[in-house]
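Keep the sequence and the coordinates side by side.

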Protein chains: 2
Amino acid sequence: MRYPTQIKKKKQTMIHYGNRGMDLEYLINLSNSYYFEQDMALIYKKPTPIGIVDVGYTEKGKVIRQAYFKSPSTLDYNGLYRGKYVEFEAKETKNKTSFPISNIHLHQLEHVKRVLKHDGIVFFLILMNHHTFLLPGEKLLKFLETHQRKSIPYSYLMESGYLVKEKIDPPLDYLDVVDEIYFGGMK
Amino acid sequence: MRYPTQIKKKKQTMIHYGNRGMDLEYLINLSNSYYFEQDMALIYKKPTPIGIVDVGYTEKGKVIRQAYFKSPSTLDYNGLYRGKYVEFEAKETKNKTSFPISNIHLHQLEHVKRVLKHDGIVFFLILMNHHTFLLPGEKLLKFLETHQRKSIPYSYLMESGYLVKEKIDPPLDYLDVVDEIYFGGMK
C-alpha cells in the first residue's frame with residue numbers, strides 16, 4: 001500500500017473534514033485524476049452537502065460566514081464510465097477481522113437499491129488490512145439479507161469481494177475490476 | 001408557465017446564492033422529486049463546490065465559519081435514468097431574442113464534449129420567453145462550431161431545441177423529451 005510519509009504528516013496539520021477514509025480517498029482521487037487525464041472515465045467526488053446559514057460580502061467576493069455539514073443520502077463518488085452510470089463509496093476500517101456495517105448509513109443502503117433498480121453500477125471500496133476490496137452493491141445487499149450480523153467478516157470480503165490492484169498509476173485501479181465484473185473483462 | 005406568486009415573493013427575502021436560474025431550478029427540483037417518488041429516475045442537483053477556510057465546533061457539532069464558492073467545472077445536475085448517465089445544466093435568460101453563450105463557462109463546454117465522448121446523455125434546459133427548451137449537448141457544440149456568434153437566436157432554439165411540456169406533475173417533464181431523443185420515444 002502506498003502511504004508516503006508526507007501524506008501522513010500533512011494530515012496532522014490540515015483540517016480534517018471526515019473522520020475516516022482520508023487515506024483511501026486520497027488514493028481514489030489520484031486514480032480518478034489519472035482516469036480523467038487518460039480520458040478513460042469521468043468520476044467525481046461529490047462535494048459534501050452543506051446548509052448555508054449566513055453569507056457575507058468582502059472585497060474578494062461572496063463568502064460563507066456560517067454553514068453546517070449535512071449528512072449525505074447518496075454515495076461519495078459518481079460519474080460516467082463506458083456509457084454507464086457509476087456510483088460508489090469509499091470506506092476504511094482499522095478493525096482487522098470485520099467491517100462494521102454501522103459505517104454505512106441506512107439511507108445509503110436504500111440508495112444502493114435504487115441505483116441497482118435503475119440499472120446503474122454501484123459498489124463499495126473497502127480498505128481493510130492494507131488491502132482494498134471492491135464489493136458490488138448487489139453482494140452487500142445479499143449479505144445483509146442473509147446474515148443477521150452487524151459486520152462483514154474479513155473472510156467474506158476475501159471470498160466475495162474483488163481485490164483492487166495497486167499500481168504506480170493509477171494507485172488503485174478499481175476500473176480494472178469494474179471491467180471484469182460489469183463488462184465481462186473486455187475493454 | 002407556473003410561477004406562483006409565493007415563489008417570487010419568497011425569493012426576495014431568501015439569500016440568493018446564484019444570480020440566475022432560480023425559478024427554473026425550482027421547477028426542475030420539483031420535477032426531480034416527482035421522478036424520484038415515482039421511481040422513474042435518480043437525478044440530483046450537485047451541491048455547489050465550496051472551499052472551506054475555517055471550521056469550528058459548537059454544542060450542536062461542527063460548523064463552517066469561513067468558506068468560499070468555487071466555480072463549477074461540470075454541469076448542475078447529474079444522475080441515472082434507464083441505465084444511462086445523464087447530466088445537464090439549467091439556464092434562463094430575460095433576453096427575448098437570443099441566449100448569450102457567455103452564460104456557459106468554457107470549461108463546462110469542455111465537459112460536455114467529454115460526457116459525449118464517454119457516451120453519456122448531456123443537455124441544457126434553457127428557459128426563455130416563458131418556454132423551456134431542451135438543447136442536446138451535440139446540437140450546442142455543433143452550433144458553436146458552425147456559427148461565429150456569441151449568442152443562440154431564439155429561432156434556433158425553436159427549430160433545433162425540444163420544447164419541454166409543462167404539467168401539474170412534474171412541472172417540467174424533461175424526461176419525456178429525453179425518452180424521445182435518446183430512447184427512440186419508447187418507455
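The exposed residues A:K142, A:E145 and A:T146 sit on the face of α4(A) turned away from its buried side. Helices (H or I, at least four residues) and strands (E, at least two) are DSSP runs, numbered from the N terminus.

This is a predicted model, in which local features need pLDDT of at least 70 and side-chain atom pairs count only at pLDDT 80 or more, while totals for chains, interfaces and linings use all residues. Residues are numbered from 1 along each chain as its sequence is written, and chains are lettered from A and ligands numbered from 1 in the order in which they are written.

Now turn to the buried side of α4(A). A:G137, A:K139 and A:L140 are its buried residues. Seen down the helix axis, they fall within an arc of 165°, so they line one face of α4(A). The arc is that of the directions from the helix axis to the C-beta atoms. Their cover includes α3, β7 (121-128), β8 (131-136) and α5 (154-160) of chain A.

How do α3(A) and α4(A) cross? The axes of α3 (residues 106-117) and α4 (residues 137-146) of chain A come within 10 Å and cross at roughly 130°. Axes are lines fitted to C-alpha atoms, for helices over the stretch in contact, and angles run from 0 to 180 degrees between N-to-C directions. The two helices are therefore oblique to each other. Angles under 35 degrees count as roughly parallel, over 145 as roughly antiparallel, 65 to 115 as roughly perpendicular and the rest as oblique. A:V112, A:K113, A:V115 and A:L116 of α3(A) meet A:G137, A:E138, A:L140 and A:L141 of α4(A). Contact requires C-beta atoms, placed from the backbone, within 7 Å.

Step back to the whole chain. Chain A holds 6 helices and 10 strands. Of its 187 residues, 30% are buried.

Next comes the interface. Chain A gives 31 residues to the contact and chain B gives 30 residues. On the side of chain A that touches chain B, β3(A) supplies the largest share, 8 residues. That side divides into 18 nonpolar, 6 polar and 7 charged residues. Here Ala, Val, Leu, Ile, Met, Phe, Trp, Tyr, Cys and Pro count as nonpolar, Asp, Glu, Lys and Arg as charged, and the others, Gly among them, as polar.

In chain B, look at helix α6 (residues 174-182). B:Y174, B:L175, B:V177 and B:V178 are buried there. They cover an arc of only 150° around the axis, which puts them on the same side of α6(B). B:G184 follows α6(B), with a positive phi near 60°.

Finally, the backbone. Most residues other than glycine have a negative phi, and most peptide bonds are trans. A:R82 is not a glycine, yet its phi is positive, about 50°. A:R82 is in the loop between β4 and β5 of chain A. The peptide bond from A:D169 to A:P170 is cis, with omega near -5°. A:P170 lies in the loop between β10 (162-163) and α6 (174-182) of chain A. In chain B, the bond from B:D169 to B:P170 is cis, with omega near -5°.

Technical notes. Two residues are in contact if their C-beta atoms, placed from the backbone, lie within 7 Å. A residue is buried if 20 or more other C-beta atoms lie within 10 Å of its own, exposed if 12 or fewer, and partly exposed in between; C-beta atoms are placed from the backbone.
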